Amino acid sequence: MPKNSATGFVNAFFAVVTGFALIWHIWWMAGLGLVGAFVTLLVFAFRDEEEVEIPAEQIAQFDRRSPGGGCP
Amino acid sequence: MNIAVAIDDVRHEALPSASEAGPAPKRIVVAYGFWIFLLSDIVMFSALFAAYAVLVRATAGGPTGAQLFNQVSVAIETACLLASSYTCGLMSLAVNSRRRAATYFFAVVTFVLGAAFLALEIREFADMIARGATPQRSAFLSAFFTLVGCHGLHVTAGLVWLAVMMAQVAVKGFRASVERRLLCFALFWHALDIIWVWLFTVVYLMGVRP
């Protein structure tokens, strides 16, 4: 499974900053938002651990506890 | 099904049916996903091409393409981009055979050719704007700057991506995730080249037609 990551949330924040700045023509803030989004992407791209392995036993246990995955 | 397995057991093991083969290799899945992104990008460019084709005669008394475009400069731009696509292909070969020095060399050549393309394009834009042919001048120029500028932004993003990938090769080496990203970069770079061929034809060749 892909590991959980806060990248999407952080990038959404910088997208809001960039969008706000572009609408009101605040160019330094637009630059700041773009740099922030790019740095977030770099942090995401340079992680070493990208995936987590869920052992089959844990899934089997989950399945036994709630057959059908809890869906009706 | 069971009978087929009993009769031809060996062949069945060698070639499992699609439903029994398990998930596709990650490299295939990633490239497939990236192709879908590229197709969505091409859909966007199609819309920009359509807008340009509709507005190409709407010059509002301003300069036309034939008066603005510098054929020599555009020819050099095209040569740079096509050559960079070729060296990008050579880089992919170097990556596949795990040759680090060759990878760096061809990446640098690709980067320099892409940057030369971009520098010529920016000089062309600056020259046009200096002559009063700004995006605000006419619908034709708005469509021109949107279409060609969008391609230029893609090339800029590609150059940044290439630089980051070289840093990743230096720091992480040829691990599976880095190789997949290099594969996606190559797809992106070649797609930009294809879009430029259309752009060159539609904007610059048909634009100077009397």
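Mentor: In this predicted model, helix 5 and helix 8 of chain B pack with their axes 10 Å apart, at an angle of about 160°. Angles over 145 degrees count as roughly antiparallel, so helix 5 of chain B and helix 8 of chain B are roughly antiparallel to each other. Their crossing is left-handed. On the helix 5 side, the contact uses V74(B), T78(B), L81(B), L82(B), S85(B), C88(B), S92(B) and V95(B). Helix 8 of chain B answers with E179(B), L182(B), A186(B), W189(B), H190(B), D193(B), W196(B), F200(B) and Y204(B). By class, that is eleven nonpolar, four polar and two charged residues.

Now the other pair. The axes of helix 6 and helix 7 of chain B come within 10 Å and cross at roughly 160°. These two helices are therefore roughly antiparallel to each other. Their crossing is left-handed. Among the residues in contact are A107(B), G114(B) and L118(B) of helix 6, and G152(B), L159(B) and A163(B) of helix 7. This contact has twelve nonpolar, six polar and one charged residues.

Next, the core. The largest nonpolar core has 31 residues. F144(B), L147(B), F185(B) and L192(B) have the most contacts inside it. Helices 5, 6, 7 and 8 of chain B each supply at least two of its residues. Helix 8 of chain B gives the most, with ten. Finally, F144(B): leaving aside neighbours within four places in sequence, F144(B) is in contact with Y52(B) and V203(B).

Terms used:
Residues are numbered from 1 along each chain as its sequence is written. Chains are lettered from A and ligands numbered from 1 in the order in which they are written. This is a predicted model: local features need pLDDT of at least 70, side-chain atom pairs count only at pLDDT 80 or more; totals for chains, interfaces and linings use all residues. A nonpolar core is a set of buried Ala, Val, Leu, Ile, Met, Phe, Trp, Tyr and Cys residues joined through C-beta atoms within 7 Å. A residue is buried if 20 or more other C-beta atoms lie within 10 Å of its own, exposed if 12 or fewer, and partly exposed in between; C-beta atoms are placed from the backbone. Helices (H or I, at least four residues) and strands (E, at least two) are DSSP runs, numbered from the N terminus. Two residues are in contact if their C-beta atoms, placed from the backbone, lie within 7 Å. Axes are lines fitted to C-alpha atoms, for helices over the stretch in contact, and angles run from 0 to 180 degrees between N-to-C directions. Angles under 35 degrees count as roughly parallel, over 145 as roughly antiparallel, 65 to 115 as roughly perpendicular and the rest as oblique. A crossing is left-handed if the near helix is turned anticlockwise from the far one by less than a right angle, and right-handed if clockwise. Ala, Val, Leu, Ile, Met, Phe, Trp, Tyr, Cys and Pro count as nonpolar, Asp, Glu, Lys and Arg as charged, and the others, Gly among them, as polar.
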